[in-house]
Amino acid sequence: MPQQVRGIVAMGKGEPVGVRSVTVPDPGPGEAVVAVRACGVCHTDLHYREGGITDDFPFLLGHEAAGVVEEVGEGVSTIAPGDFVILNWRAVCGQCRACRRGRPWYCFDTFNAAQPMTLSDGQPLSPALGIGAFAEKTLVHSGQCTLVDSRIRPEVAGLLGCGIMAGLGAAINTGGVTRGDTVAVIGCGGVGSAAIAGAVLAGASKIIAVDIDQHKLTWAEEFGATDHVNASDGDVVERIRDLTGGVGADVVIDAVGHPDTWKQAFYARDLAGTAVLVGVPTPDMRLDMPLQDFFSRGGSVKSSWYGDCLPSRDFPMLVDLHLRGRLPLDKFVTECIALEQVEESFERMRRGDVLRSVVLFG
């Protein structure tokens, strides 16, 4: 039977979110009901609340989550009730042109649950990134459930579902950081700090953290940054060049997503270096740069979608690295909160007081 659970819903653009009764239907073919154990408060949820992604209100927020499979629908064989899973928003289809070319991390036709979750009056909800995990239970497509080692704490595991994977993947998958590379990361919140952690895993020799917030630069050093640049003190590009023998970094990652920081990333890389955009710009942002500079500097400029990850490959590997003490995912968890505190956590996020607030259930 359909279940009534508590969830965080954004009813209109810019309105404070609140706890409402949400109806979760029985899973249909290919679907699963997951009892959520933890869900991180990601900046993307705030974008949804403020109408910065779509205006398809009301939204059931939350997407950076881990939980336990409660029930599966017809035809589901990859997961079973009782499995501990991280939810992902790239359930690859296996059939689109990207998948057929052996690049499933670019899948252009990912799966979501076919049935909507609703408010108690029957009004359909739009789940954030097809997940909607600021709720005691959620309905997703079974392909959005990635089975991982249950020894990892839920509040840590769930962060791989979005922001931390985005940052790690921007360095390892998109940026292709390798042994001996020099790396600069502009913006050292959760995603940027994860990019730093990814560069450490990949064996970078020098990792430069860039931010205007000294507190975030301190966080960055805890994740392995070897140098830092306070962006409010002088020219960022020149400072990065000074720290790299005058030539610029091999890979520069923009974890802010603003025209100014993107230009810094572009010009702070070495000739034939790589610039990666993983910060999410708003629709109104525009870029004006000389086309000649793109030609003359060579190299590559890339956008990183979800860290170009393949959840079935990357999540279990990263969980294993964490359990072996090689990836300090626990350092990203600043605080654990109750469902009713999500609106307050948005304000702490705006102020830069937290890397991640995580809602705990049960």
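Where does L129 lie? L129 lies in the loop between β8 (126-127) and β9 (137-141). The legends below describe a predicted model, in which local features need pLDDT of at least 70, side-chain atom pairs count only at pLDDT 80 or more, and totals for chains, interfaces and linings use all residues. Residues are numbered from 1 along each chain as its sequence is written, and side-chain values use heavy atoms, with hydrogens and water left out.

View 1. L129 is not a glycine, yet has a positive phi of about 50°. At 21% relative accessibility, L129 counts as partly exposed (buried is under 20% relative accessible area, exposed over 50%, partly exposed in between; 1.4 Å probe, protein chains only). Y306, also not a glycine, has a positive phi near 55°. Y306 sits in the loop between β16 and α10 (helices are DSSP runs of H or I with at least four residues, strands runs of E with at least two, numbered from the N terminus). Relative accessibility of 3% makes Y306 buried.

**View 2. The Y106 and W305 rings.** The whole structure holds eight aromatic pairs (rings of Phe, Tyr and Trp, its six-membered ring, with centres within 6.5 Å; planes under 30 degrees apart are stacked, over 60 edge-to-face, the rest tilted). The centres of Y106 and W305 are 6.1 Å apart and their planes are at 80°, so this pair is edge-to-face. It links distant parts of the chain, 199 residues apart: Y106 is in the loop between α2 (97-100) and β7 (118-119), W305 in the loop between β16 (300-303) and α10 (311-323). Y106 is partly exposed at 29%. W305 is partly exposed at 43%.

**View 3. F266 and its partners.** F266 and Y267 pair edge-to-face, 4.9 Å centre to centre, with 85° between the planes. F266 is buried at 0% relative accessibility. Y267 is partly exposed at 21%. R269 lies over the face of F266, 4.4 Å from the ring centre (NZ of Lys or CZ of Arg within 6 Å of the centre and within 35 degrees of the ring normal).

**View 4. The aromatic cluster and the cis bond.** Ring pairs join Y48, F57 and F59 into a cluster. The peptide bond from F57 to P58 is cis, with omega near 0°. P58 is in the loop between α1 (43-49) and β4 (59-60).

**View 5. Contact of α4 with α10.** M165, L168 and N173 in α4 meet R313, D314, F315 and L318 in α10 (contact is heavy atoms within 4.5 Å).
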